[in-house]
Amino acid sequence: TPVAMVHSAPGVYTALSLVCPHQGATVDISGPAKFRCPSHLAEFSSAGTWIGGKQTGDLTVLGVTYDASAGTATVNGPAAAAPPPALAVAPTSEVFAATQGQPSPAAQTIAVSNAGGGALTGLAVVVAYGTGQPTGWLTATLDATTAPATLTLTPATTALGAGAYSATVQVTSPAASNAPIAVAVSLLVSAANAPVIALSATTLS
């Protein structure tokens with residue numbers, strides 16, 4: 001396979017397959033930063049991107065290993081495609097504790113990041129509650145729709161009775177390869193202490 005080695009910066013090399021993706025003809029160098037297919041005049045930039053002429057795909061970019069000490073560059077074959085965006089959250093669970101009739105516990109935050117490549121866009125959240133349990137006691141908000149973002153979990157417990165409650169926050173993105181990803185939320189509401197009546201000794205007459 002004919003290959004062109006492009007020296008784009010000191011110590012940086014890119015290798016391009018010179019096979020035109022249209023019908024397989026060998027492209028020619030037509031300028032200091034351009035290639036052209038002689039068959040249908042498709043043109044490509046020095047990065048292999050199609051830029052004009054017969055519309056077709058880009059030239060195949062090949063992986064290159066450069067050895068500075070030896071002054072050699074080795075073509076390794078097609079470069080690996082960038083991984084797709086992937087959701088990651090930390091921590092993956094949160095626990096709240098409250099006392100019946102007392103103020104709600106403080107909000108907690110979850111870090112939402114991109115564990116893959118590209119841009120992780122379109123972030124959104126959905127809250128689901130345990131079967132048969134009260135709903136609406138947890139608010140989940142994102143400070144951005146593109147990762148990295150912060151997910152804030154805010155419980156509202158003043159109207160809840162004593163008991164254990166659970167919810168799942170699903171973090172979604174149409175761009176993520178692993179969406180949705182779940183954050184498990186637990187809440188324990190303790191019963192308020194009963195008032196204590198204390199008697200002091202008195203003298204009866």
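I count a salt bridge when a side-chain nitrogen of Lys or Arg lies within 4 Å of a carboxyl oxygen of Asp or Glu. I keep in mind that this is a predicted model.

**Entry: glutamate 94**

I started with glutamate 94, in strand 10 (residues 93-99). Does it come out buried or exposed? Glutamate 94 is buried, yet I found no salt bridge for it. The nearest side chain of opposite charge is lysine 34, 57 Å away. That distance is not within 4 Å, so lysine 34 cannot count as a partner. I then listed what glutamate 94 touches, leaving out residues up to four places away in sequence: Gln108, Thr109, Ile110, Leu153, Ala184, Val185 and Ser186.

**Entry: valine 185**

Val185 was on that list, and I looked it up next. Valine 185 belongs to strand 16, which covers residues 181-190. Its relative accessible area is 2%, and under 20% means buried. Beyond four places in sequence, valine 185 touches Glu94, Phe96, Trp137, Leu138, Leu153, Tyr165, Ser166, Ala167 and Val169. Leu153 is in contact with valine 185 and also with glutamate 94. I checked tyrosine 129 as well: 56 residues from valine 185 along the chain, with 9.4 Å between the C-alpha atoms.

Which order do the strands take? I read 3-4-5-6, an open sheet of 4 strands with antiparallel pairing. Strand 3 (28-31) and strand 6 (50-52) are the edges, each pairing on one side only. Neighbouring strands here are turned by 40° against each other on average, direction ignored. Strand 5 (residues 43-45) pairs with strand 6 over 2 bridges, in the antiparallel sense. For phenylalanine 44, I noted tryptophan 50 in strand 6 as the bridge partner.

Notes: Residues numbered from 1 in each chain as written. Predicted model: local features only at pLDDT ≥ 70, side-chain atom pairs only at ≥ 80, totals over all residues. Heavy atoms only, no water. Buried < 20%, exposed > 50% of the residue type's maximum accessible area, 1.4 Å probe, protein only. Contact = heavy atoms within 4.5 Å. Lys, Arg positive; Asp, Glu negative; His and termini not counted. Pairing = 2+ DSSP bridges. Axes fitted to C-alpha atoms, helices over the stretch in contact; angles between N-to-C directions.
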